[in-house]
Amino acid sequence: MRTIAVTGGKGGTGKSTVALLLTIKAINKGLSVVVVDADVECPNDYILLNKNSLGCSILEVKVPYPKIDLDKCNRCGECVRLCRANAIITKKDGTPIIQEDLCSSCGVCWNICPQNAIAKTDKIVGNIYKEKIFDNLILITGQSLVGLRETSSVVSSLREYIKNISCDLLIIDTAAGSHCTVMRALENVDYAYAVTEPTPLGKHDLRIILRVLKELEIPSGIILNQYDNGDQKLILKIAKEFGIGIEGKVPYSKELAQYYSSGQLLDMKNVSNILEMDKEFWL
Amino acid sequence: MNITVMSGKGGVGKSMISSSLLHFFAKENHVVGIDCDVDTPNLAIWLGIDNENIKNAIETEKISTIEKPIIDKTKCVGCSLCVSKCQFNALEIVDNKASLIQHRCEGCGLCEVICPHNAIKLQPVENVTLSVFNTKSGIPIIQGLISPGEAESGEAVTEIREIAKKYEKENTIFIQDAAAGIGCPVIASIVGSDYAVIVAEPTMSSESDMKRAIELLNQFSIPYGIVINKYDINLNVYNRIKEFAKENYLGKISYDKDIVKELIKMNPVVESDLGIVKELEKVYISLRKGISE
């Protein structure tokens, strides 16, 4: 089983579109594919695959969460002092209160409480959904609850879940950016494609994501979206800087934009032909 | 007053619109621009500033918004208590000693407090390069760039916002260009913000993300307005979003392929001849009205 991540740094460069075009190409070659939507804050792959909803929640993502027993608590203040997230505040009498939305579930408080007054319970932070698109295509989506700060926990859970999957090709569609949520989606993949556009923004953000991929030691290639709308030299410069090739390209296409906007990518005739790839990426 | 431009969906035009709003507000107010996307800051680029060249900055410094463990190998015996307790799986045993997986570490300090051999100490890590630029018209733009592989982008955004306050004068309007998504860096941007401009594009993906962004804003009781960028790429979805927006609708901006030419020339959109400049001005006028109400 080969695992490919589709990432890019810049938002809106076409990660999800490219991930699905690669998917359709692979299916057309007879491979079984699982697409993993790791953009857990704003997952969209289900929309592009003509679905009205995420499908069934097959797993609630939970993280540990502290619960203070105020009868055992002697108001020593150690938990308040040691909480680096500043998630524990005190009333005037020293009674500690956990601010749920600031708590990062690190475990300092329940590990150090001298009175053993803090229990480790859990809270739900998101869900994992599974939807069969075709016989040989399954979509797995992670979605965080709105208001959750540490969304990387949902990505970690998603990555854990997919360890047990078997298929020919696993394609992970990451979020935009280069922070922990994206890095958790990129860890330990066989190959990564950085999707970019031939503009100063594309160039700037490509450099950033390629640095991340280098840091994670993931072999990578560039896919250039809307390659004919801008200045390709901007991207060629970055490619040369990192010793990485432009391995695929998609032209500007009003038709593709139309189908994308209506969530009907699969309805566009021969849609995957619009992505030209240099190599057989599924190998 | 503090206005955050956000979207949920990436690539819909937050930075383009933020840069344009700065220009329009500057005619009547003192303004400061804050780029709250510390992963891939782009606001300065839309203002014609090459933000990769430090020489263009009036101020730049490396700051620390996180502390991470340093393991003293002379004290570490490889008991792996820290490895088993770390909630982020950020520690592993390498050659019989504890070793940090940098990008997974959130700097909570659990390993430091539980190590039975006092072998771990948290130290500040300079993880953000803070830069301040001035546009041609003298608008300060504050941005931060997080080092590759570092977490805690939310902390970095909070720090940048604090630093931006140094540039505050009377009746300053802060325009914050948020990151994509609705997670910690975006939450760090909207906390204490007075108003949000939600940028949507007429795609089903953006429509879905906009609704999640609104749910987040409602949790923080922040009023908002919606602007639809590239509205003419799909009139059905545009009309649906406009109807959904009701009294929160701020306006629409056409798709113009030539915007890329201005970007390549590093020419701010508002200084170009593009037709969308008039549309952006109309959005600004609606926004002005919206925030005064």
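You're looking at a predicted model, where local features need pLDDT of at least 70, side-chain atom pairs count only at pLDDT 80 or more, and totals for chains, interfaces and linings use all residues. Residues are numbered from 1 along each chain as its sequence is written, chains are lettered from A in the order in which they are written, and side-chain values use heavy atoms, leaving out hydrogens and water.

**Where the chains meet**
- On chain B, 61 residues are in contact with 65 residues of chain A (contact means heavy atoms within 4.5 Å).
- Together the two chains bury about 5,100 Å², with 56% of it on carbon and sulfur atoms (this is accessible area, 1.4 Å probe, lost on putting the two parts together and summed over both).
- Five salt bridges cross the interface (a side-chain nitrogen of Lys or Arg within 4 Å of a carboxyl oxygen of Asp or Glu).
- One of them joins the side chains of R207(A) and E52(B), at 2.6 Å from N to O.

**Chain B's side of the interface**
- Elements giving two or more residues here include α2 (43–46), α4 (110–114) and α7 (204–219) of chain B (helices are DSSP runs of H or I, at least four residues, numbered from the N terminus).
- The most comes from α7(B), with 8 residues.

**Two helices within chain B**
- Helix α1 (residues 14–25) and helix α10 (residues 276–292) of chain B pack at about 70°, with axes 10 Å apart (lines fitted to C-alpha atoms over the stretch in contact, with angles from 0 to 180 degrees between N-to-C directions).
- That makes α1(B) roughly perpendicular to α10(B) (the word covers 65 to 115 degrees).
- Among the residues that meet are F24(B) in α1(B) and Y284(B) in α10(B).

Notes:
Angles under 35 degrees count as roughly parallel, over 145 as roughly antiparallel, 65 to 115 as roughly perpendicular and the rest as oblique.
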